[in-house]
Structure formats: C-alpha cells, structure tokens
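Welcome! Please take a moment to look over the sequence and the 3D view before reading on.

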Amino acid sequence: MNNVKIKVEDFNFHYGKTHVLKKVSMDIVANKVTGIIGPSGCGKSTFLRSINRMNDTILGAKAEGRIILDGRNIYDDDIDVVEVRRKAGMVFQKSNPFPKSIFDNIAYGLRINGVKDKYYIHERVEKSLRDAAIWDEVKGRLNKNAFELSGGQQQRLCIARALAVEPEIVLMDEPASALDPTATLKVEELIQELKKKYTIIIVTHNMQQAARISDFTAFFMMGELVEYDVTSIMFTKPVKKITEDYITGRFG
Amino acid sequence: MKKPHISDMLGFGFLRFSVGTVIVALIIILFDIISKGRGVICWKFLITMPKNGMTEGGILPAIIGTFLVTVITALLSIPLGMGCAIYLNEYARENMLNRLIRMSIRNLSGVPSIVYGLFGVILFVQVMNLGTCILSAGMTLGLMTLPWTITASEEALKNVPKSYREGALALGATKWQSIRTNVLPYAIPGMLTGTILGLSRAAGETAPILFTGAAFFIPFLPKSLFSQFMALPYHLYIMSTQHHAISKVRPIAYGTALVLIALVFAMNLGAVIARYRLRKIKME
Ligand SMILES: Nc1ncnc2c1ncn2[C@@H]1O[C@H](COP(=O)(O)OP(=O)(O)OP(=O)(O)O)[C@@H](O)[C@H]1O
Ligand SMILES: [Mg+2]
C-alpha cells in the first residue's frame with residue numbers, strides 16, 4: 001500500500017495485568033477511511049486511543065511496540081505528546097461537549113493552541129460547524145450552552161470541535177451510535193467529505209455502515225487483528241472463516 | 001390501599017424524631033442568645049472600644065481582630081489547600097505514599113483544635129519568632145483549616161467529569177491547560193463553598209488563638225499584623241467565665257455571642273451565594 005500515514009508495528013497494550021492488544025501490525029493509508037470492527041471488548045477503543053496516546057492518562061497502562069506517524073514513532077521518549085494529539089484529533093465514544101457555549105466549545109482548541117485573532121477564530125468556528133453539517137442548526141444560537149443540543153447534535157458538535165484545530169487524522173469511536181438514521185446519514189456523508197482532507201479511522205458496530213463508508217476494514221477479536229483488507233474484499237470474500245461469520249452476523 | 005409496614009413506620013418515626021430534636025435544640029439556643037443579646041446590640045456596641053474594665057462599651061477591637069485573623073487564615077489556607085488538592089487529585093500517582101498522605105490529611109481534620117494551638121505556639125511564636133500576634137494566630141488557624149479545605153477541594157475536583165479533561169487533552173491541551181481551563185472553572189464553586197465553611201468554623205475557634213496572639217483586653221486597635229489582638233470567641237470566653245463581674249457583663253457576653261453567630265451565618269450564606277452564582281455563570 002502506498003501513502004501510508006500510520007504504521008503500527010507489533011503493538012501490544014496492557015491495562016495492568018490485562019493484555020488488551022496483542023501484536024497488532026497494520027498500515028493505515030492517508031486520506032482513506034479505515035473502519036475498525038469487532039465484538040464488544042475486543043480492544044477497538046483501546047486501539048484508537050493508542051494512536052493519540054490518550055491511554056497515557058490511564059493508571060497502569062503500558063504500551064509496547066511502535067506506532068509510526070509520518071515516520072516518527074509516537075511512543076519514543078522524546079516525542080511531544082501534545083503535538084501527537086494535535087495531529088490526531090479524536091471524537092469519543094460518548095459525546096463529551098464542554099459545559100460552555102457552542103461557540104466556545106469549537107473555539108476551545110484554537111484558544112489553548114494560542115490563537116488570539118478573533119476574526120480568524122470566528123472563521124474557523126463557522127467553517128468547522130459547516131464541515132460537521134451542523135451549522136444550519138446552530139448558527140442562530142452560538143452563545144447557547146452546548147448541553148442544550150440534542151444527542152445527535154452534540155456528537156456533531158464534538159466532530160466540529162475536533163476539526164477546528166485542523167488535525168491530519170480524525171479518530172472516531174462509534175460517532176453514530178447515539179444518532180437516529182437521518183443524523184447517521186449526515187455523519188456518514190460528512191465522513192466521505194472529510195477524507196479529502198483527513199485520514200479517518202472509525203470504530204463501528206454496524207456492519208452495513210462499515211461497508212458503506214470505509215475504504216479499508218480491520219476486524220479485531222480478543223485484542224488481535226484477525227483480518228485487514230480493502231473493504232470490498234473483506235465483505236465479499238474474506239480469507240478467514242471467523243471474519244465471514246462475524247460479518248454475516250453468525251456470532252457476536 | 002396497602003397498610004404501611006410496621007418497621008417502615010418505626011424507621012420513619014425515628015427519622016422524624018431526630019430531625020425534630022435537632023431543630024428544636026437549635027431554635028432554643030438561637031432564641032436564648034437572640035433574646036438576651038438583642039438588648040445590647042446597637043451601632044455603638046459594634047463600633048466602640050470596651051470601657052471600665054470591659055463592663056461597658058463595645059466590642060470593636062474583637063470584631064476587627066477576628067476579621068484580620070480570618071483574612072490571614074484565608075490567605076494561607078485557600079491557595080495552599082487548593083494547590084494540595086490539585087496536586088493530589090490531578091498529578092499524584094495512586095500509590096502507597098499518596099494514600100498515606102491522604103489518610104494523614106483526613107486524620108488531621110480530626111485533631112482537637114487545642115493541639116493546633118500548641119503547635120502554633122512552637123512553630124510560629126517560638127521557632128519562627130513571630131511572637132504572639134495576628135499573624136501567628138491566623139496561620140495557626142490556617143493550618144487547622146487546611147485539611148478541610150483540601151478535602152473539600154478534592155471532592156469538588158472529583159466531581160468534574162473525566163471527559164472534560166480528556167476532551168481538552170485530545171485537542172492538544174497540555175495537562176495544566178486542561179486543568180486550568182476545563183477543570184478548575186467547574187470545580188471552583190465547590191472548592192469555595194468548602195473553604196468558606198472551614199473559615200467560618202475557624203472564625204469561631206478559641207483554643208488555637210489562645211496562646212498564639214489573642215489578648216484578654218487591649219484598649220486600642222491592632223497597629224500591625226505583629227500586634228496582639230482581641231477576638232470575638234475569646235472575648236466571649238472571657239466575658240462568660242473569666243471576668244471579675246460575670247453577672248454584670250452577661251448582656252455583653254450574649255451580645256458578643258450574637259455578633260459571632262451572625263458573622264458565621266453571614267459567611268455561610270456567602271458560601272451558598274457564591275456557589276449559586278458561580279454555578280450560573282458556568283452554565284451560561
Ligand atoms: N481503563 C481501563 N482499565 C482497565 N481495563 C480496561 C480499561 N478500558 C478498557 N479496558 C478493558 O480492555 C478491553 C478492551 O476495551 P475497549 O474499550 O478497547 O473495547 P471495545 O472494543 O472498544 O469495546 P466496545 O465495542 O464495547 O466499545 C476490555 O476487556 C475492557 O474491559
Ligand atoms: Mg469502545
């Protein structure tokens with residue numbers, strides 16, 4: 001595969017004594033959507049959170065192996081974690097708006113990164129909200145508290161917040177799990193739009209969704225990467241029997 | 001309709017009895033103090049010096065003394081307490097040492113105030129050679145309130161969801177940025193409430209200031225933080241047990257008690273208001 005954005009090599013992850021990710025190796029291609037599927041508890045979120053080193057905050061967490069982002073192993077000692085997180089934005093499994101106004105939620109990332117220019121902040125806020133397909137719903141009430149939004153709107157707000165700081169990678173953990181079909185469709189369209197600019201990794205429990213939106217699909221089970229291929233192949237003629245069983249819903 | 005269970009009724013009855021007892025006791029105390037103290041309270045009582053061997057005049061120096069000491073207490077215990085709480089809750093690793101520190105802090109909040117008083121004498125008055133003064137007394141009270149401030153502040157920090165911290169970090173915030181901009185603003189109302197409650201308890205303490213700076217009678221206002229001072233709780237103690245004409249100064253004692261209670265009540269009210277207003281700002 002050409003144009004590799006992230007190279008995962010023999011990556012292991014432990015929460016204390018539980019070995020959650022086992023020798024995962026995979027190449028993630030730039031400007032494509034990579035879908036991650038697998039049964040609950042298999043380590044999808046953990047894998048995603050390893051890519052922006054979000055797991056650092058968890059007590060007793062230990063990572064081994066390499067995740068190479070643009071040629072640099074992000075687990076090297078001299079790496080600037082803040083820089084990694086700026087590059088790899090994240091939309092969490094549970095949407096987590098801050099108890100601030102809609103505007104301040106989006107502007108937050110810019111402000112902490114030292115942007116002072118009010119005009120530029122306004123521009124970015126509008127652009128991000130448009131990109132996240134929520135602008136029309138909130139443009140008249142940017143000063144309202146983000147908690148007043150519906151669940152689906154909050155999720156798109158969180159997407160907009162991640163986009164505002166212009167990352168290169170967007171990590172999405174089941175961004176559509178709390179959304180109704182219309183909102184889900186919006187988010188899916190949005191993802192197709194976003195991949196022009198960003199490299200996207202998305203965790204989903206919905207097979208149809210994975211088939212619809214991702215270019216590549218990775219199937220995890222019990223912390224191991226079972227199979228990883230172009231989505232069309234994964235969903236038509238997977239190599240492993242167990243992948244086929246999972247995709248067709250025969251278990252899990 | 002189903003008949004209420006007998007044990008339910010007994011349990012509920014006991015709860016009602018407890019609440020009733022507490023409220024009645026409180027009302028009796030308040031009523032006693034207000035009815036006996038009301039007579040002496042007037043502007044003159046609040047803004048003049050005691051006269052004639054403290055059998056006449058006001059309690060101005062005691063009010064000023066308590067005020068100044070409380071300010072020192074606050075200056076010591078707010079920044080230190082909040083700092084400790086932030087360190088313990090946000091930075092310290094969960095290990096034996098940390099648990100030991102936390103346990104000691106919990107235990108310190110149960111140490112009798114007279115022990116703090118003795119400690120204050122040794123540390124501030126003697127070792128640091130500050131003498132008996134407002135500063136020594138204020139810092140002693142500050143130490144005494146620290147465990148409460150730390151515990152309350154830590155509780156407030158714990159109430160801020162983890163997702164606020166993670167959300168900020170994921171956007172490229174440094175740890176301190178995420179704490180400063182996305183945790184503290186939501187924890188401060190709770191921190192302040194706990195702290196002010198601690199301060200109001202400190203303001204009413206006698207034992208810690210007894211040997212560290214409070215004086216029986218000083219016929220003028222403190223000149224500096226290195227002066228001895230009069231304080232409301234100590235004045236009350238003197239007037240009700242040590243004065244040579246106790247029955248004669250009874251009304252003054254009750255007046256002093258009333259002022260002290262009003263002060264503590266005002267501080268607690270301030271805590272409630274601060275909490276309410278900050279919470280509103282945060283939600284906007
Ligand atoms: N903070 C943590 N501490 C300890 N163990 C954890 C922690 N987070 C996750 N785990 C464990 O790691 C394993 C993988 O969890 P993870 O959240 O990555 O699963 P997942 O594939 O995202 O599941 P789901 O589809 O339900 O979201 C699980 O067994 C879980 O119990
Ligand atoms: Mg998950």
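This briefing goes through the model topic by topic.

This is a predicted model, in which local features need pLDDT of at least 70 and side-chain atom pairs count only at pLDDT 80 or more, while totals for chains, interfaces and linings use all residues. Residues are numbered from 1 along each chain as its sequence is written, chains are lettered from A and ligands numbered from 1 in the order in which they are written, and side-chain values use heavy atoms, with hydrogens and water left out.

- Helices (H or I, at least four residues) and strands (E, at least two) are DSSP runs, numbered from the N terminus.
- Ser45(A) is partly exposed at 21% relative accessible area, and Gln93(A) is partly exposed at 36%. Buried means under 20% relative accessible area, exposed over 50%, and partly exposed in between (1.4 Å probe, protein chains only).

**The four-stranded sheet of chain A**

- Four strands of chain A make an open sheet in the order 2-1-4-5, with antiparallel pairing. Two strands pair if DSSP finds at least two bridges between them.
- Strand 2 (18–29) and strand 5 (72–73) of chain A are at the edges with a single partner strand each, so one side of each has no neighbour in the sheet.
- Eight bridges join strand 1 (residues 4–15) and strand 4 (residues 61–69) of chain A in the antiparallel sense. Lys7(A) has Ile68(A) in strand 4 of chain A as its bridge partner.
- Helix 1 of chain A lies across strand 1, strand 2 and strand 4 of chain A, at about 60° to strand 2 of chain A. Here contact means heavy atoms within 4.5 Å; axes are lines fitted to C-alpha atoms, for helices over the stretch in contact, and angles run from 0 to 180 degrees between N-to-C directions.

**The six-stranded sheet of chain A**

- What is the strand order of the open sheet that six strands form in chain A? The order is 6-7-8-3-9-10, and the pairing is mixed.
- Strand 6 and strand 10 (224–230) of chain A are the edge strands, each with a single partner strand, so one side of each is left without a neighbour in the sheet.
- Direction ignored, neighbouring strands of this sheet are turned by 15° against each other on average.
- Strand 3 (residues 33–37) and strand 9 (residues 216–221) of chain A pair in the parallel sense over four bridges, and Ile36(A) has Ala218(A) as its bridge partner in strand 9 of chain A.
- Strand 6 and strand 7 of chain A run parallel and are joined by four bridges.
- In a regular strand, side chains alternate between the two faces of the sheet. In strand 6 of chain A, Ala88(A) and Met90(A) point one way, Gly89(A) and Val91(A) point the other way, and all are buried.
- Helix 6 (residues 151–164) of chain A lies across strand 6 and strand 7 (169–173) of chain A, at about 170° to strand 6 of chain A.

**Chain B at a glance**

- Chain B has 12 helices and two strands.
- Buried residues make up 44% of its 284 residues.
- The C-alpha trace of chain B spans about 70 × 70 × 40 Å along its principal axes.
- Glu56(B) lies in strand 2 (residues 56–57) of chain B and is partly exposed, at 40% relative accessible area.

- Most residues other than glycine have a negative phi.
- Arg53(A) has a positive phi of about 55° although it is not a glycine, and counts as buried at 13% relative accessibility.
- Asn129(B), also not a glycine, has a positive phi near 60°, and is exposed at 63% relative accessible area.
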